Amino acid sequence: MPTIQETRTTSPIGRKTPRVDGPLKVSGTAMYASDFHFPGMLYAVPVEATIASGRVTKLDTAAAEKMPGVRAILHRENIGKIFRSTFGPGLEGLIDERRPPFEDDIVRYYGQYVALAVADTFESAKAAADAVRVTYAENKPNVETDLEADDDPETIVGTWGSAERLESERGDADAAFASAPVKLDQTYVTPVETHNPIELQATTAIWDDSMLTIYEESQWIFNLRGILAQMFGLPKESVRVITKFVGSGFGSKLFPWTHCPLAVAAARQLGKPVKLVVSRKMMFQTTGHRPRTQQHVRLGATSDGKLVSLQHDYVYHRSMLDNHHDDCGEATAFQYSVPNLRVKFGRARRNVGSPTDMRGPGAVPGLYATESAMNELADQLKIDPVRLRILNEPKIDEGKKLPFSSRHYLECLQVGAEKFGWSQRNPEVGSMKRDGLTLGWGIAGAAWIAGRFAAAANVELRDDGTARVACGTQDIGTGTYTILAQLVSDKTGVPVDKVEVALGDTSLPEGPVSGGSLATGSIVPAVFAATDNAITSLLQIATATPGSPFEKRKPDDLAFERGRVFVKTEKTGEGVALADILKRANLRLVTGSGKSEATFDNPKPKFSTHSFGCHFVEVTWQPEIARLRVSRVVTVIDAGRIINPLAGRNQIEGAVVMGIGMAMLEHTTYDPQNGAPINSNLADYVVAVNADVPKLDVHFLDYPDLELNAVGARGIGEIGLAGIAAAITAATYHATGVRVRELPIKIEDLLTSTVLS
Ligand code: MOS
């Protein structure tokens, strides 16, 4: 085995590697779900309910049916059977909106699909959908923003399984809070946020005899296959899901949504391929959102800054039927040392489509609240907020009572402080100026879960000196194609651009969800084992083939590196190329299979596994025109070994951009009259764009976490969004003297600032 040092210089792992799929994307030849066309294909457009609560009393389809090119107007009476799906053991059958489309005539949220127009062209289908007349018996919808928890049992069912509402408890948090010399008691609110990946959700469904093939932009093709098999009463092997490229998802494409079975049912009914592309407006209604949260945080501390009590009680909204759980307390129980703690949640039903996971689900709104509370406590104690965190650094995960596999949070803070120049900070509000602008500085910490899902992979070594890796996972824009190639290249020495990558197809070995920032960590052991097994076959062939230069050797004497077979003791020699070995044996290829086990199945884990990080933020404030801008961000991330620093930096930068949007721009507003999300387009739902974003300084600590896999890689998709909003609101307070505890920060919040230029 080469030493780590040798690996670092010769292996592509840790090397800035341009994306292997980049040329396909920039040339427009990458095939996204809605790019696939088939002969005779029909287009479907759903009819959206224009009320958020009530019942469909009449559906008049007569005019629509007579329109040119219209093949059918499908609804509850004529669409055919769509079954419910259900949970199974492990991760079987996960979905946020469980009710199949058209199951009853009740409308529970605005935009719920009530009919489906199918026509020869998209334009005809859209015109027909618009011509369907729906009559309702309407109730007043409940989209009230103030949240009070409904009556719920102590053990609830959430998206991923059951959960205790009393999430974590130790000591006596109430008593310790009551007697604490210093107290903080505040409520933090985060609004509904809607995922806005550039690629719209879309399904193309094809029935071929009893085989159903689906092109869908899914973050989890195997789960989608299982759900569709249940909904259409098919064996799983009769359903194939294909997702070659995803134009991002942020969680909105983790679980199937109702447009997908609608397209499948239409294709079944009409005997033709059917394509259904959801509109941007529909994406605000029927494909999930981050729920509104209201989080009550109470901190008790000694006067020298040691936490004695932490209580985190939160409520979030959910739909009328569904059970999404947004785990805002995910990081609360372990991020700081505190002897007395309680984390508890409740939920409130509203007439909205089902919320779902959105980048850093739970932890992102959760850390906004708890990190904001830490910043406010630091100000109250007149202690530097970095110092307050150092004072409360835990030795172990006090929630799970387990050591951390790898935690370098304090080093994140130290490196961030140095890079940012934090020692120059004057804590007095409005005291720091530059170029006529008032500056505000703020920080916050970050954490996100790390672990592995089960995964399987196949690797081929081929007679032209190339390799192929196959794993039924997805690349949602994060760089999974490239990482799969890097992993095989690392083990074989076959150059990255000579490794073909196949993913996004349920006919491949079952790969993990592209979610939870867990795909990379999950696939490493499977791909490494598959590669090792392919190499073992190759070495056997090298010794067993008549005339081979290794005919007299045992496979154990040989090694495969830099694409060549060597005698281990003669490593300096030339060796024999992969192609020569296979050609001599008249073989096109050798293959190996490998598997990763899920860490989540381990009933007795030895370690608490998480990634950590922090953000240092500067804002500029112009009181004359109430203009607040983020002017500088330094982010330091401890996410294990970084396999591809180029793609990794992209992930963190993208998350920080999204964090600027979260803190200052993004919020979905529901009309109290009809329950419609009223800013359901990219003009009115404002996200951060280039002009909102300064130069971002991202730094990785790069400590391998070997608990997770042989590379020591954890995930990086989500952690960059954790904490950033709290750092921005802290910086905003420092500049303006205004505490904003309800996101996003609005200009009108800042008009009370007494900081003058
Ligand atoms: Mo992520 S919210 O698990 O796509």
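Residues are numbered from 1 along each chain as its sequence is written, and side-chain values use heavy atoms, with hydrogens and water left out.

**Confidence**

- The mean pLDDT of the protein (the predictor's confidence in each residue, from 0 to 100) is 96, and 99% of its residues reach 70 or more.
- Over residues 1–8 pLDDT stays under 50, and for this stretch the model has 7 contacts (heavy atoms within 4.5 Å) beyond four places in sequence.
- Where pLDDT is low, the predicted coordinates should not be read in detail.

**Nonpolar cores**

- A nonpolar core is a set of buried Ala, Val, Leu, Ile, Met, Phe, Trp, Tyr and Cys residues joined through side-chain atoms within 4.5 Å; buried means under 20% relative accessible area, exposed over 50%, and partly exposed in between, with a 1.4 Å probe and protein chains only.
- The largest nonpolar core has 96 residues, and those with the most contacts inside it are L299, L377, F616, V617 and I728.
- Helix 10 (residues 363–381) gives the largest share of this core, 10 residues; helices (H or I, at least four residues) and strands (E, at least two) are DSSP runs, numbered from the N terminus.
- Leaving aside residues up to four places away in sequence, I728 touches V617, V619, V630, G659, I660, A663, M664 and I745.
- A second, separate core has 47 residues, among them A457, I535, L539 and F550.

**An open sheet and its helices**

- An open sheet of 4 strands has the order 22-21-20-26 with mixed pairing, where two strands pair if DSSP finds at least two bridges between them.
- Strand 22 (499–502) and strand 26 (589–596) are the edge strands, each of which pairs on one side only.
- Strand 21 (residues 467–470) pairs with strand 22 in the parallel sense over 4 bridges, and the bridge partner of A470 in strand 22 is A502.
- Helix 13 (residues 480–492) packs on the sheet by touching strand 20 (455–462), strand 21 and strand 22, and its direction makes about 135° with that of strand 22; axes are lines fitted to C-alpha atoms, for helices over the stretch in contact, and angles run from 0 to 180 degrees between N-to-C directions.
- Helix 14 (residues 519–544) lies across strand 20, strand 21 and strand 26, and runs at about 150° to strand 26.

- Strand 17 is mostly covered, since 8 of its 10 residues are buried.
- Strand 16 (residues 307–318) pairs with strand 17 in the parallel sense over 10 bridges, whereas strand 9 and strand 17 run antiparallel and are joined by 4 bridges.
- S168 lies in strand 9 (residues 166–170), and its bridge partner in strand 17 is V343.
- S168 counts as buried because its relative accessible area is 14%.

**N351**

- N351 lies in the loop between strand 17 (340–349) and helix 10, and N351 counts as buried because its relative accessibility is 6%.
- The side chain of N351 reaches the backbone oxygen of R108 at 3.1 Å and the backbone nitrogen of N142 at 2.7 Å.

Methods:
This is a predicted model: local features need pLDDT of at least 70, side-chain atom pairs count only at pLDDT 80 or more; totals for chains, interfaces and linings use all residues. A polar contact is a pair of N or O atoms within 3.5 Å; within protein, one must be able to donate a hydrogen and the other to accept it, and residues adjacent in sequence count only if both atoms are side-chain atoms.
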